[in-house]
Amino acid sequence: MISLTAGFVLATGWIVKTYFADRAGHTLTIDSLRMATRLDPGNSTYHVQLGRLYQYSITDPKPAEAIQQFQQAVRANPYDPQAWINLAAAHEFRGDPSSAEEDLRHASTLAPNLPQFQWTIGNYFLLHGNTEEAFQHLKVVLAGSRQYDRTVFNVAWKASGNAEQILQKLIPNSLPAEFSYLNYLTTEQRFSAAEAVWKRIAATPETFNPHEASGYIDALIKTGQVDAAYQVWTGLQGKGMIRTSPGGPNQNLITNGNFEDPLLNMGFGWRIQDVAGVYAGLDTATFHSPGHSLFVQFTGKQNLNYHQLFQFVRVTRNHAYELVAFMKTQDITSDSGPRLEVVDAYNPQALDEFTPGMTGTSGGWNPLSMRFKTGPKTQILLVLLVRPPSEADDETAITGKVWVDDLQITSVTE
C-alpha cells in the first residue's frame, strides 16, 4: 500500500510538473520558456523555442545562450532534425560554418527524404558556394514535392548555369520532375537544355500522357523550330502513344485524316478551340468511310469568322501536294459556307488556298481536291475547316451542319 501511494505521488508530481511546463512553454517569453525547460528539461521543444528567442531577439540577441539551448535540445532529442537545423543556424550566426555544416549533415541523415528539411539544407550549401552538395539535397526536394520546383530551377541556373550539371546532378529520374523542368526550360526559352531533358524523357520505358509534351511542341512550333517539334511528335509515335500514319510513297501527311482515332487537340493532330455558337467533334452516325467523321454544327448565334478547327502539317519547301477530302452539308443557311483552307503557318502570303464553300444541303458526300505548291521557305502548313463571315447586308448568322471525312494531303509530281 505504501509503495502504491508513493508511486501515485510521484506520478502526480510528474503530471503536475509537465502540465505547468506545457503552460509555460505555450507562453513564448524568455522567462516562461526558462521555467518550462526547468520543469521539463527533457522536452527539446522548449529548448528550441528558447534558443530562437535568444538568437533572433531584435533588442538583445544572445547567440551564446542560443547555442547552449540548441545543444540541450539535441541532447534531449538527438533524432529531431529541426533541432539540428536550428543549431546549425546558430553556429553559422557565430561565424562557425564548419560546425554548421556538420549539424546540417546530421539533420540530413535524420530526414533524408523530407523536402522541407532538405530544402533548408540545400539552400545553405548553395549560398556557401557548395553547388555539388546543394544539388544532392535539392534533388530530394524535387523528387518529393512540386512546391519548390520553379524556385529550385531558378536558383540552380543562377548558381551553376551549367545545363548538363543541372540535369545530371539535380533533376531526379522521375517523369513529374522531368516534365516540370522541361516546361520551365520551355518558358525560359532555353531550348538547347530542354532538348536534352526531352531526350531523357523519351528514353524512359515508362508510359505517360502524350499531352505532357504539348506545351513543348507548341513552343518549338511558335519559335520556328519545326524539325525539332516534329521529332518530339515522332518520338511519341515511336513510343506507341500516338498512332502513326501509314508509310509509303503516297503517305498521307494528315494525322488521323479518316477521324477514326480520338481528336488529340495537341501537336500535329487535330485541334478544336471552343467558340460560342459552334459545336465540333466526331460523329459516329454519319461518315464517308466507317465509322467516324468530323462534324461541325453552327447554331445561328452570329455571323462567324470560323477558323478554330485545324491541324499543323509538316511539309517540304518548293514541293507540290494535293489535298483530297469529302464534305457533306445540311441546311447551311449562309451564302458563305464552310470550306477547307491550306495556309503557310508562318507566312500566309507565301501560300493560302481554299476549296469552294458549300451551302444548303449537299444530299451526299462531295469530293474535294486541290493542288498547291509550297513556297521556298514553307515548312509547316495549317489545314483548317473555315467559314469566312458573310458580306451580305442581311446576313447576321449561320446555321446548319457540315461533315468532313477521309482528308488527305499527299506528295505529287508536277
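**View 1. Confidence along the predicted chain.** The mean pLDDT of the protein chain is 90, and 92% of its residues reach 70 or more; pLDDT is the predictor's confidence in each residue, from 0 to 100. Residues 1-27 have a pLDDT below 50, and beyond near neighbours in sequence this stretch has 18 contacts in the model (contact: heavy atoms within 4.5 Å). This is a predicted model, in which local features need pLDDT of at least 70, side-chain atom pairs count only at pLDDT 80 or more, and totals for chains, interfaces and linings use all residues. Residues are numbered from 1 along each chain as its sequence is written, and side-chain values use heavy atoms, with hydrogens and water left out.

**View 2. Helices, strands and extent of the chain.** The protein chain holds 14 helices and 10 strands (DSSP runs: H or I of at least four residues for helices, E of at least two for strands, numbered from the N terminus). Its radius of gyration is 34 Å, well over the 22 Å that the globule rule gives for 414 residues, so the chain is more spread out than a compact globule. That radius is taken over C-alpha atoms, and the rule is 2.2 Å times the number of residues to the power 0.38. Along the principal axes, the C-alpha atoms fill a box of roughly 105 × 50 × 45 Å.

View 3. His91 lies in helix α5, which covers residues 81-93. With a relative accessible area of 11%, His91 is buried (under 20%; exposed is over 50% and partly exposed in between, with a 1.4 Å probe and protein chains only). Leaving aside neighbours within four places in sequence, His91 is in contact with Ile67, Gln71, Asp96, Ser99, Ala100 and Asp103.
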